[in-house]
Amino acid sequence: MQLTDKVSIITGAASGIGFGIAKRFVAAGGKVAIADINMDAARKAAAEFGEDRAMAVEMDVTSEAAVNAGVKTVADRWGRIDVLVSNAGVQIVHPVEQFPFDAWKKMLAIHLDGAFLTSRAVLPYMYEQGSGSIIFQGSVHSKLASALKAPYVTAKHGLLGLARVIAKEGGEKGVRANVICPGFVRTPLVDKQIPEQAENLGISEEEVVNDIMLGGTVTKEFTTIEDVAEIALLFAAFPSAALTGQSLLVSHGWCME
Ligand code: NAD
């Protein structure tokens, strides 16, 4: 699958999975906007690909003004927007009865407001072109629940609904929307959770990894950034509207459907 000169905006692409998707898209011939709140890391990431292939864009996905301005910057520079990967995300874990309301709101803002605001900002460009692919970074937690992750599970389930609405509204205008649902991938987001979950659940870090994160997989392996990036490329470059409104699990069989 190729993305020759297609323009993608990838949020949260300064680190982890988002960076891996950017790398894969560039290898497939695409141009990528690394949209992130961490501008030092975003500039460093963009520099790896060169100015003709990548740009760093300052974007807090929870800010309507920042999202609209960032998307316009990309469209002004490259003249089109073919793919949005709404990927920026964080994790905060607590039991429901102890979950601070501010932390709940922050989680929903980054994962759900971010997906809505970025989609709303790119759709007019895609409708004008008559083509586009919107990809949400869901999770196995779009399908299953885990203790301590109330807003994360809620938001990741919600992305399935938003993708299906965009798939319906965008169908006749050439725009597809799909959700990637990865299992655990070793990134800073996951590394931070291991000691936190161990403390919250009163178990060792090894037990968190072996029982909670990998216990349900068929191979006891982490999903890799490269695995997720291949699915992103499939959704981005798929040649027809047959593949829309879908969610695809890439989790070593942790969740099967
Ligand atoms: P990561 O921490 O490596 O990267 C997250 C990036 O998002 C960082 O660059 C960060 O600066 C950016 N970000 C955070 N808040 C932002 C905001 N308000 N606006 C713009 N950028 C912001 O994390 P990751 O593991 O690569 O996660 C990326 C996505 O993949 C998330 O949506 C996460 O929920 C999802 N996911 C991760 C895993 C996993 O196991 N790592 C599994 C399934 C889904």
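This report describes the ligand site, the pockets and the cavities of a predicted model.

Residues are numbered from 1 along each chain as its sequence is written, and side-chain values use heavy atoms, with hydrogens and water left out. Because the model is predicted, local features need pLDDT of at least 70 and side-chain atom pairs count only at pLDDT 80 or more, while totals for chains, interfaces and linings use all residues.

**Ligand shell**

The ligand is surrounded by 30 residues, each with a heavy atom within 4 Å of it. Ser15, Asp36, Tyr152, Val185 and Thr187 are the closest of these. By class, the shell holds 15 nonpolar, 12 polar and three charged residues; Ala, Val, Leu, Ile, Met, Phe, Trp, Tyr, Cys and Pro count as nonpolar, Asp, Glu, Lys and Arg as charged, and the others, Gly among them, as polar.

Polar contacts (pairs of N or O atoms within 3.5 Å) reach oxygen atoms of the ligand from serine 15, asparagine 87 and valine 185. Serine 15 uses a polar side-chain atom, at 2.7 Å. For asparagine 87 a backbone N or O atom lies 2.8 Å from a ligand oxygen, and for valine 185 a backbone N or O atom lies at 2.6 Å. The ligand taken alone exposes 830 Å², of which the protein buries 93%; accessible areas come from the Shrake-Rupley method with a 1.4 Å probe.

Two or more residues of the shell come from each of α1 (16-27), α4 (101-129), α5 (150-170) and α6 (188-201). Among these elements α6 gives the most, with three residues. Helices (H or I, at least four residues) and strands (E, at least two) are DSSP runs, numbered from the N terminus.

**Pockets**

On a 1 Å grid over the protein atoms alone, a pocket is an open set of points with protein on both sides within 12 Å along at least five of seven lines, a cavity is a set where a 1.4 Å probe fits but cannot get out, and lining residues have an atom within 4 Å of a point. A volume is the space filled by probe spheres set on the points, which are joined across faces, edges and corners.

The ligand takes up the space of the largest pocket, the criterion being that more than half of its atoms lie within 2 Å of the grid points. This pocket holds about 850 Å³ of space. Of its 42 lining residues, Asn87, Ala88, Gly89, Val90 and Leu189 are the closest to the centre. At least two lining residues come from each of α1, β2 (31-36), α4, α5 and α6, and α6 supplies the largest share, five residues.

The second largest pocket has about 240 Å³ of space. It is lined by 17 residues, with Ser131, Gly132, Arg176, Ala236 and Phe238 closest to its centre. β5 (132-137) and α8 (225-237) each supply at least two of the lining residues.

**Cavities**

There are two cavities of 30 Å³ or more. Nearest the centre of the largest cavity are Ser86, Asn87, Ala88, Ile110 and His111, out of 13 lining residues. α4 gives the most to this lining, with four residues. The lining of the second largest cavity includes Gly183, Phe184, Met213 and Trp254.

| Space | Volume | Lining by class |
|---|---|---|
| Largest pocket | about 850 Å³ | 19 nonpolar, 17 polar, six charged |
| Second largest pocket | about 240 Å³ | seven nonpolar, seven polar, three charged |
| Largest cavity | about 70 Å³ | six nonpolar, six polar, one charged |
| Second largest cavity | about 30 Å³ | five nonpolar, five polar, one charged |

Technical notes. Polar contact = N/O pair within 3.5 Å; in protein donor to acceptor, adjacent residues only side chain to side chain.
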